[in-house]
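Please keep the viewer open as you read.

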Amino acid sequence: MSVRGALRLLLPVALIAALIGLWQIAASTGWIAEALNLKPFLVPSPAEVGDALWSNRALLWENAWVTLREILFGLLAGVVVGIGLATAMRFSRVLRDAIFPLTVAVQAVPIVVIAPILVVWFGYGIGPKVVIVAFAVFFPITVNLLDGLRSVDPEAVKMMRTLDASRWAIFRRVEVPTALPSFFSGAKVAVAVAPIVALFAELAGSSSGLMRLIIQDNANFEIARVFAATVILLVIGVLLVGLTALAQRLVVTWR
Amino acid sequence: MRKDNSVSVVARGLSHTYGELCSLRQIDLAAADGEVVALVGPSGCGKSTLLEIVCGLREPSVGGVEAGGAADAAGRLARCAYMPQRDLLLPWFSALDNAALALRNRGAGKAEARREAGTLFERFGLVGFEAARPDELSGGMRQRVAFLRTLVAGKPVLALDEPFAALDAISRAEMQGWLAGALRADSRTVLLVSHDIEEALYLADRVVVLSARPGRIVAELRSPAPRAPDRDAAVTDPAFVAAREAALRALHAGAAPAPGTGR
């Protein structure tokens, strides 16, 4: 690895380690609690958070698994619907004129408003959360993919037509590859938004999941465990963004 | 079905207008089977539009056009292969897959299409570059792959729109020699649009000079030595130089506003 490559890996790790260290000192000496005029147990140190993470691992994992499933199934459904809508709108002008305004309107409905309604309709299980995440996620996929499909070079389409390409062959061999970078831009937004929306959905009413655990623990001053749950959410978020970027690198191999 | 010396491309009284703008006026043009006809003219004279009409990508506003015996747009599209000015190689496909596009579009399997296009790679000196992505190829090689892609389509008529305009002078001369060789080996009816008179006279059997917009045919010249193996000798030959001067004069005369338009 080059010096620059090593630095790029080392610097952020060092910075995070330094911040955690600083927090450890500030929390264990009681500075933060003193400054905020709080009881020391309300300001857990990183060591205490680590301890909570380990000793509650079964409980945390059980709830994280619920939230993770909400996020993943929601993303999957949203991506499938998003791709389907964009494709349909690309192939039919009439469909595009009919669906697009509706898509924008649907997307403008605040999640905070529909989440409680869906909970009333479909109950406390993971189903309504999946619907809500899908709801929030399909729009960036649809819009970005459609933009990408429409940005195709008309000269390339002409060239394909004289090479006996059907409409489908042009879509498959020219439009889809052209649109992939914008699709991934949409996917990155989707992946960043999905965990937040899943937490919102749990907030509206749920029987399990990390958000439900966090609310409970906050009420019972189990602050170390709240931080532990936050750490798990952070890892989920970073993994999702990282995996999406990796997928893009593997799929879009040209410039 | 094609007979020797039969007429492969013919346009009769063809005009084209974009809204108010008349881009082509009263074009009568014929290319025999296996003949290379070059169209030269000032920029904006409708040369590319004429190619697109012949290929069935557009319809003329007035007049008729036939390619390979077909008069309707779909029929012309099936008989013409179009090579655009930019090579338009698809960056996500290898050189070989780009060349094989027409076969894939017609439903051939990947392996079969690659095998068929691969034989042309051997014939045209591109062996070893099959797997290269377009951005790894030089400008001249990209144009060669683009030309093979057009050739592999197996159409009787090739429409080449300033195929080497993007290249520097040296690569352009090289590519003209290469294309001449390719056409000697695999004869097709070719309509070649060019802004380079030397290129047109060297590659074509006949050069048609168009006027400034609206494009009309102002002169037709026969090339003294079409696609001669020794390009450098051919283009410095006195007969070639004389033909080039005649073409230049026609081009300059045609660049002036046409009678009855402008002013």
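In which sense do E3(B) and strand E7 (residues 189–194) of chain B pair, and over how many bridges? The two strands run parallel, and five bridges join them. One of the residue pairs to look for is Ala38(B), whose bridge partner in E7(B) is Leu192(B). Bear in mind as you look that this is a predicted model.

E3(B) also pairs with E8(B), again in the parallel sense, through four bridges. Here Val40(B) stands opposite Val209(B) in E8(B). Five of the five residues of strand E3 (residues 36–40) of chain B are buried, so the strand is largely enclosed by the rest of the structure. Val36(B), Ala38(B) and Val40(B) point one way from the strand, while Val37(B) and Leu39(B) point the other way.

Now step back to the sheet around it. Six strands make up this open sheet, in the order E5-E6-E7-E3-E8-E9 (chain B), with mixed pairing. E5 and strand E9 (217–222) of chain B are the edge strands; each has a single partner strand, so one side of each is left without a neighbour in the sheet. With direction ignored, neighbouring strands are turned by 15 degrees against each other on average. Val209(B) has Ala219(B) in E9(B) as its bridge partner.

There is another open sheet to find in chain B. Its three strands follow the order E2-E1-E4 (chain B), and the pairing is antiparallel. Strand E2 (21–32) and strand E4 (62–67) of chain B stand at the edges with a single partner strand each, so one side of each has no neighbour in the sheet. The twist from one strand to the next averages 15 degrees. E1(B) and E2(B) are joined by eight bridges in the antiparallel sense, and Val10(B) stands opposite Ala30(B) in E2(B).

What about the packing? In soluble globular proteins, nonpolar side chains tend to be buried together. The largest nonpolar core here has 85 residues, and Ala38(B), Val54(B) and Ala159(B) touch the most other members. Helix H6 (residues 139–152) of chain B gives the most to this core, with seven residues. Apart from it lies another core of 52 residues, including Phe135(A), Ala179(A), Leu213(A) and Ile214(A). Beyond its neighbours within four places in sequence, Val54(B) is in contact with residues including Val9(B), Val65(B), Ala159(B) and Leu191(B).

Turn next to where the chains meet. Contacts link 19 residues of chain B with 15 residues of chain A. Strand E5 (80–83) and helix H4 (101–105) of chain B are the elements that give two or more residues to the side of chain B that touches chain A. That side divides into 14 nonpolar residues, one polar and four charged.

Finally, how confident is the predictor? The complex receives an ipTM of 0.83 and a pTM of 0.84. Chain B has a mean pLDDT of 85, with 95% of its residues at 70 or more. Among the elements of chain B, helix H3 (residues 95–99) has the highest confidence, at 93, and strand E1 (residues 7–18) the lowest, at a mean of 83. Over residues 1–5 of chain B, pLDDT stays under 50, and the model has five contacts beyond four places in sequence for them. Where pLDDT is low, the predicted coordinates should not be read in detail.

How values were computed. Residues numbered from 1 in each chain as written. Chains lettered and ligands numbered in written order. Predicted model: local features only at pLDDT ≥ 70, side-chain atom pairs only at ≥ 80, totals over all residues. Core = buried A, V, L, I, M, F, W, Y, C linked by C-beta atoms within 7 Å. Buried ≥ 20, exposed ≤ 12 C-beta atoms within 10 Å, placed from the backbone. Contact = placed C-beta atoms within 7 Å. Nonpolar A, V, L, I, M, F, W, Y, C, P; charged D, E, K, R; others polar. pLDDT = per-residue confidence, 0-100. Pairing = 2+ DSSP bridges. Axes fitted to C-alpha atoms, helices over the stretch in contact; angles between N-to-C directions.
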